[in-house]
Amino acid sequence: MLPVGWRDSRGGGGRRRAGRGMTEAAATLEPLPDIGGPAQPLLTVRGLTKHFPLKSGFFGRGAGVVQAVDSLDFEVRKGETLGIVGESGCGKSTTSRLVMALMQPTAGEVVFDGRAVGGRELPLKEYRRQVQMVFQDSYASLNPRLTIEESIAFSPEVHGLARHDARARARDLLAAVGLNPDGFARRYPHELSGGQRQRVNIARALALRPRLVILDEPVSALDKSVEAQVLNLLQDLKAEFGLTYIFISHDLNVVQYMSDRVLVMYLGKVAEVGPVEAIYAAAAHPYTAALLASRPSMDPDLRRTEPPLTGDPPNPINPPAGCRFHTRCGFAEPLCSATVPPLHAAPAGQQAACLMVVPESGHSRAPKVAA
Ligand SMILES: Nc1ncnc2c1ncn2[C@@H]1O[C@H](COP(=O)(O)OP(=O)(O)OP(=O)(O)O)[C@@H](O)[C@H]1O
């Protein structure tokens with residue numbers, strides 16, 4: 001069941017189509033051509049790892065590392081929304097910052113449309129035009145001294161668009177996100193509500209015509225009624241501008257509404273990834289099942305039989321050996337603390353990192369392969 005105000009279909013809304021009537025400014029600074037074709041993933045992440053060294057003591061060394069993200073592999077297909085979900089501290093934001101190349105990974109690589117990011121194949125400046133981010137805190141994301149129009153026009157101007165054209169683009173984008181340019185262009189961030197500011201942040205993220213937008217908890221700070229409007233706006237904009245989204249949230253209902261595929265993270269690793277229907281109807285990883293069982297639902301049909309999640313995640317400075325979830329898992333057996341489970345195909349079409357889905361793994365619940 002969808003929360004109040006959410007659409008029961010993903011079809012377009014009644015909002016004015018921003019593509020029509022756009023000024024000349026919209027025709028410049030277009031994204032780079034699609035070199036891989038629609039069958040290629042837009043983004044591929046391989047072995048992505050971020051360990052934060054902790055400093056302590058007089059010489060500032062020797063206190064270990066926070067294993068925030070550990071050997072992450074996933075891809076985002078062109079035109080889809082990949083939802084990333086998991087408890088607080090599981091590494092969602094670190095993953096988004098790594099994908100945005102806002103921090104250096106400890107290991108691993110990010111490939112965008114077939115080209116390795118950050119080297120000669122795809123220099124950072126070029127990449128950053130194509131990937132933009134919307135953060136949770138709508139106020140902190142905007143410069144309080146700039147008008148809304150100046151904020152949206154800022155990046156296009158920095159990238160060489162003439163001031164007049166950049167301002168015209170800003171006004172087009174304001175209309176596209178449902179804010180009347182005549183009423184909002186000259187206002188300052190503090191004069192807007194949270195929902196209006198988040199619309200401005202979305203407009204700003206679209207100003208360079210990106211292909212991938214990372215939405216990091218974009219509605220978590222908004223009221224429920226405003227949340228629904230912003231989610232629907234994001235769906236409309238995705239169709240209108242041909243965007244691909246990574247949608248990060250701790251809210252499983254919101255992730256279900258927005259995503260085509262879902263990646264469930266636990267303590268810096270992928271627990272389960274696959275189509276949203278498979279994950280929500282037939283979770284293969286006990287962590288996913290427990291998360292789903294823990295989510296609030298007013299619909300009795302959605303009450304689940306799995307035990308809900310209890311306790312806190314272990315410390316990422318010293319994560320459990322083997323499967324990181326084994327200390328909280330109701331199905332753990334001794335081998336779970338000795339073997340790191342690989343991501344393996346699960347029955348409903350997703351992949352799960354659990355020995356229970358790996359044939360002949362030795363787990364008593366694993367499917368047995370016929371001799
Ligand atoms: N700069 C840093 N230095 C040390 N540890 C960090 C740093 N940034 C993040 N961490 C740690 O890395 C882990 C992952 O953090 P991250 O913010 O990515 O998780 P998250 O899933 O986004 O959490 P939340 O939902 O609360 O934002 C946490 O244990 C966090 O404390």
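Biologist: Which element supplies the largest share of the shell around the ligand?

Modeller: This is a predicted model, in which local features need pLDDT of at least 70 and side-chain atom pairs count only at pLDDT 80 or more, while totals for chains, interfaces and linings use all residues. Residues are numbered from 1 along each chain as its sequence is written. Helices (H or I, at least four residues) and strands (E, at least two) are DSSP runs, numbered from the N terminus. E2 and helix H1 (92-99) each supply at least two residues of the shell, and the largest share, three residues, comes from H1.

Biologist: Which residues come nearest to the ligand, and how many of the shell are polar?

Modeller: A residue is near a molecule or strand if its C-beta atom, placed from the backbone, lies within 6 Å of it, and of the 13 residues around the ligand, Phe52, Ala68, Ser88, Ser93 and Thr94 come nearest. For the classes, Ala, Val, Leu, Ile, Met, Phe, Trp, Tyr, Cys and Pro count as nonpolar, Asp, Glu, Lys and Arg as charged, and the others, Gly among them, as polar. By these classes the shell has five nonpolar residues and one charged residue, and the number of polar ones is seven.

Biologist: Which residue stands opposite Phe112 in E5?

Modeller: Five bridges join strand E1 (residues 41-53) to strand E4 (residues 107-112), and in E4 the bridge partner of Leu43 is Phe112. E4 and E5 form a hairpin with two residues between them, and Asp113 in the turn has a positive phi of about 50 degrees. Across to E5, Phe112 stands opposite Arg115.

Biologist: At what angle do H3 and H4 pack, and are they parallel or oblique to each other?

Modeller: Axes are lines fitted to C-alpha atoms, for helices over the stretch in contact, and angles run from 0 to 180 degrees between N-to-C directions. Helix H3 (residues 148-158) and helix H4 (residues 163-176) have their axes 8 Å apart and pack at an angle of about 125 degrees. Angles under 35 degrees count as roughly parallel, over 145 as roughly antiparallel, 65 to 115 as roughly perpendicular and the rest as oblique. H3 and H4 are therefore oblique.

Biologist: Which residues of H6 make the contact with H3?

Modeller: The axes of H3 and H6 come within 8 Å and cross at roughly 25 degrees, which means that H3 is roughly parallel to H6. Two residues are in contact if their C-beta atoms, placed from the backbone, lie within 7 Å. From H3 the contact takes Ile148, Ser151 and Ile152, and from H6 Val200, Ala203 and Arg204.

Notes. Two strands pair if DSSP finds at least two bridges between them.
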